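Reader: How do the terms used for a model follow from its values? Please set each value against its definition.

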Amino acid sequence: SNGKSFLYFVNKSDQRIYVTEVGGEPQPITPIVPADEIHRYAEMIYVNGEIWCVREKHEAGVVSRSIVAISANEIRVLDSNSHFYAHLRVSLDGSQLAWVCWEHPQMPWDGTEIKVADISNGALSNSRVVAGGIEESCLGPEWANDGTLYYISDQSGWWNLWSLDKAGAKRQIIKDESEWGYPLWWLGFRFIQVLEDGKIFSSRGPVDSRSLVIVDPV
């Protein structure tokens, strides 16, 4: 705003989100958490002047996670239907949000879902599963300019590069007996990058011996 650049970050000691401009003093935008609760934030993205992210709450012995929208004066829950969330991505035209979710007792390398929902007036609607399931691990969705959603899926037995077009047709881009994804030990990773020319930048190979690759998906 006003040509200024702002940095948002989570402060480890109090787990609050802060914002600062260059040379400025960081200011918290999430409230102080009661002493008997824990609130954690991850996967932050900037959407229409707000921070959208994954929030984990520990409250009265119960742990819950949700996708939330955070502004200077409120926190809104956008989706709380899943046990775990990762990889929030807004389409380039701002009309849709994609994310990865999975349910206990699945681990994210066992089975996940990629969901897409419509964005309207700061809320999500028409949430639907577009890839994945209990026995298919899908990770790292990324939008292309034409509305194609690229992602990693292990449907073939290996984590390979796939695409989902706007008509809902899925295509395995590369058939490769090699892993293109990573186990979700941590949040915040990007597994693939759609380049300006439409090609895909990623990495493949054993976890301890990766090669960087560029793929022409056409």
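**Terms and values**

Reader: Why does Cys 138 count as buried?

Author: Its relative accessibility is 0%. Buried means under 20% relative accessible area, exposed means over 50%, and partly exposed lies in between, with a 1.4 Å probe and protein chains only. Cys 138 is therefore buried. This is a predicted model, in which local features need pLDDT of at least 70 and side-chain atom pairs count only at pLDDT 80 or more, while totals for chains, interfaces and linings use all residues. Residues are numbered from 1 along each chain as its sequence is written, and side-chain values use heavy atoms, with hydrogens and water left out.

Reader: Which residues touch the most other members of the largest nonpolar core?

Author: They are Ile 114, Leu 149, Tyr 150 and Leu 161, in a core of 29 residues. Such a core is a set of buried Ala, Val, Leu, Ile, Met, Phe, Trp, Tyr and Cys residues joined through side-chain atoms within 4.5 Å. Strand β13 (149-153) is among the elements that give two or more residues to this core, and β13 gives the most, with four. Strands are DSSP runs of E of at least two residues, numbered with the helices (H or I, at least four) from the N terminus.

Reader: What is Ile 114 in contact with?

Author: Leaving aside neighbours within four places in sequence, the contacts of Ile 114 (heavy atoms within 4.5 Å) include Trp 99, Val 130, Cys 138, Leu 149 and Tyr 151.

Reader: How do you know that Arg 40 forms a salt bridge with Glu 56?

Author: Their closest N and O atoms are 3.0 Å apart. The rule asks for a side-chain nitrogen of Lys or Arg within 4 Å of a carboxyl oxygen of Asp or Glu, so the pair qualifies. Arg 40 is in strand β4 and Glu 56 in strand β5 (residues 50-59), 16 residues apart. Arg 40 is partly exposed at 35% relative accessibility, whereas Glu 56, at 17%, is buried.

Reader: Why is the pair of Tyr 8 and Tyr 46 called tilted?

Author: The ring centres of Tyr 8 and Tyr 46 are 6.0 Å apart and the planes are at 40°. Rings of Phe, Tyr and Trp (its six-membered ring) pair if their centres lie within 6.5 Å; planes under 30 degrees apart count as stacked, over 60 as edge-to-face and the rest as tilted. The pair is therefore tilted. Tyr 8 is partly exposed at 25% relative accessibility, and Tyr 46 is exposed at 53%.

Reader: What makes Phe 84 and Trp 102 a stacked pair?

Author: Their ring centres are 5.4 Å apart and their planes are at 15°, so the pair is stacked. Phe 84 is in strand β8 (residues 84-90) and Trp 102 in strand β9, 18 residues apart. Phe 84 is partly exposed, with a relative accessible area of 23%, whereas Trp 102 is buried, at 8%.

Reader: Is Glu 43 buried or exposed, and what of Asn 121?

Author: Glu 43 has a relative accessible area of 9% and is therefore buried. Asn 121, at 81%, is exposed. Glu 43 is found in strand β4 (residues 38-47), and Asn 121 in the loop between β10 and β11 (123-132). Phi is positive in Glu 43, near 60°, and in Asn 121, near 55°.
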